[in-house]
Amino acid sequence: MRKPSHRSRTVLAAVAAAVLGVAGCDAVGGNSAGPTGTKAHSAKPAPAWDVSPRSIAAVGDSITRGFDACTVLSDCPEVSWATGSSAKVDSLAVRLLGKARAAERSWNYAVTGARMADLPGQMAQAVTRRPQLVTVMAGANDACRASTAAMTSVESFRADFEDALGTLRRSLPKTQVYVASVPNLKRLWSEGRTNPLGKQVWKLGICPSMLGDADALDSAATLRRDTVQKRVEAYNTVLREVCAKDRRCRFDGGAVYDYRFGTAQLSQWDWFHPSVDGQARLAEIAYRKVTGKKA
């Protein structure tokens, strides 16, 4: 048999190399990573979100203080959805930490009547505790003003929220943040207006932009309530957008806004703030969002 020429040997080598190359690609799949030990298979970074934080600080307004849940026109932090100790609520802190540890490793810096402008100061207080999770529920009081003209502008609301997160991040870059949406104030009006006692309490100045002249259904009253509602929706958009820029921040996706508070979930004194049962529902929502695999 005649020996293959030099040219033939060169062609055969090229064909063999091509075949081996294709076989090698198929062996791991066209889109597969390289073999073990290569950079493609280096250890993955730890997930940004820890579903089991070991300390919690809460910031926000009257809802997080349990206002009107136990007695009229008074805070009741023991039933707070975020940090309360009441077994009837089973707060986020108790669910995550256990009752004994929650008493030592959770702190409530929320203030009744607080607006988003107050959040940076509250956050500065929370930072001193070096919590692994901070809960945020604020914005209702920015819409609940004497008139629609007095409501916090969307621009200021955004700037204040960004300032609050910046205050946290400058000291605690790895602390996680759970942000609850602003409740549906118009629905709370719709539910509460069926109770005569609640409407009398509303006259003391609770959310006048929404609750004022509670029984009025004329075009002016309807426009006023719709204006408040649109502002609340705009606030929730801000919370979602700002939180989305922070890999350790989770917005509730509108879960609190969407929750259909019934009369059982509203305070028997003002028929607007959450009752003990309402606080328990907020705790359930928060726990589900904080411990979920995805935001």
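The following dialogue examines how terms are applied to this predicted model.

Visitor: What makes up the chain in terms of helices and strands?

Guide: The chain has 12 helices and 5 strands. Helices (H or I, at least four residues) and strands (E, at least two) are DSSP runs, numbered from the N terminus.

Visitor: Why is Leu204 called exposed?

Guide: Buried means under 20% relative accessible area, exposed over 50%, and partly exposed in between (1.4 Å probe, protein chains only). The relative accessible area of Leu204 is 63%, so Leu204 is exposed. Leu204 lies in the loop between helix H8 (196-202) and helix H9 (208-211).

Visitor: What makes Val72, Leu73 and Leu204 a patch?

Guide: Patches consist of residues with over 30% relative accessible area and no salt bridge; like charges are joined within 9 Å, and nonpolar side chains (Val, Leu, Ile, Met, Phe, Trp, Tyr) within 5 Å. A salt bridge is a side-chain nitrogen of Lys or Arg within 4 Å of a carboxyl oxygen of Asp or Glu. Val72, Leu73 and Leu204 form a nonpolar surface patch with about 280 Å² of accessible area together. Accessible areas come from the Shrake-Rupley method with a 1.4 Å probe; for residues, only the protein chains shown count as cover.

Visitor: Why is strand S3 described as mostly covered?

Guide: In S3 (residues 133-137), 5 of its 5 residues are buried.

Visitor: How do you know which strands pair with S3?

Guide: Two strands pair if DSSP finds at least two bridges between them. Strand S1 (residues 56-60) is joined to S3 by 5 bridges, and the two run parallel; Val134 in S3 is the bridge partner of Ala57. Strand S4 (residues 176-179) is joined to S3 by 4 bridges, also running parallel, with Val179 in S4 as the bridge partner of Val136.

Visitor: What makes Cys70 and Cys76 a disulfide?

Guide: A disulfide is a pair of cysteine sulfur atoms within 2.5 Å. The sulfur atoms of Cys70 and Cys76 are 1.9 Å apart, and the two form a disulfide. With -70 degrees about the S-S bond, this link of Cys70 and Cys76 is left-handed.

Visitor: Why are Cys70 and Cys76 placed in their accessibility classes?

Guide: Cys70 has a relative accessible area of 26%, so Cys70 is partly exposed. Cys76 has 2%, so Cys76 is buried.

Visitor: Why is the disulfide of Cys144 and Cys207 called left-handed?

Guide: The disulfide is left-handed because the torsion about the S-S bond of Cys144 and Cys207 is about -75 degrees. The pair links distant parts of the chain, 63 residues apart: Cys144 is in the loop between helix H5 (140-143) and helix H6 (154-171), and Cys207 in the loop between H8 and H9. Their S to S distance is 2.0 Å, and both cysteines are buried.

Visitor: Why do Cys243 and Cys249 count as buried?

Guide: Cys243 counts as buried because its relative accessibility is 1%, and Cys249 counts as buried because its relative accessibility is 9%. Their sulfur atoms lie 2.0 Å apart in a disulfide.

Conventions
Residues are numbered from 1 along each chain as its sequence is written. This is a predicted model: local features need pLDDT of at least 70, side-chain atom pairs count only at pLDDT 80 or more; totals for chains, interfaces and linings use all residues. Side-chain values use heavy atoms; hydrogens and water are left out.
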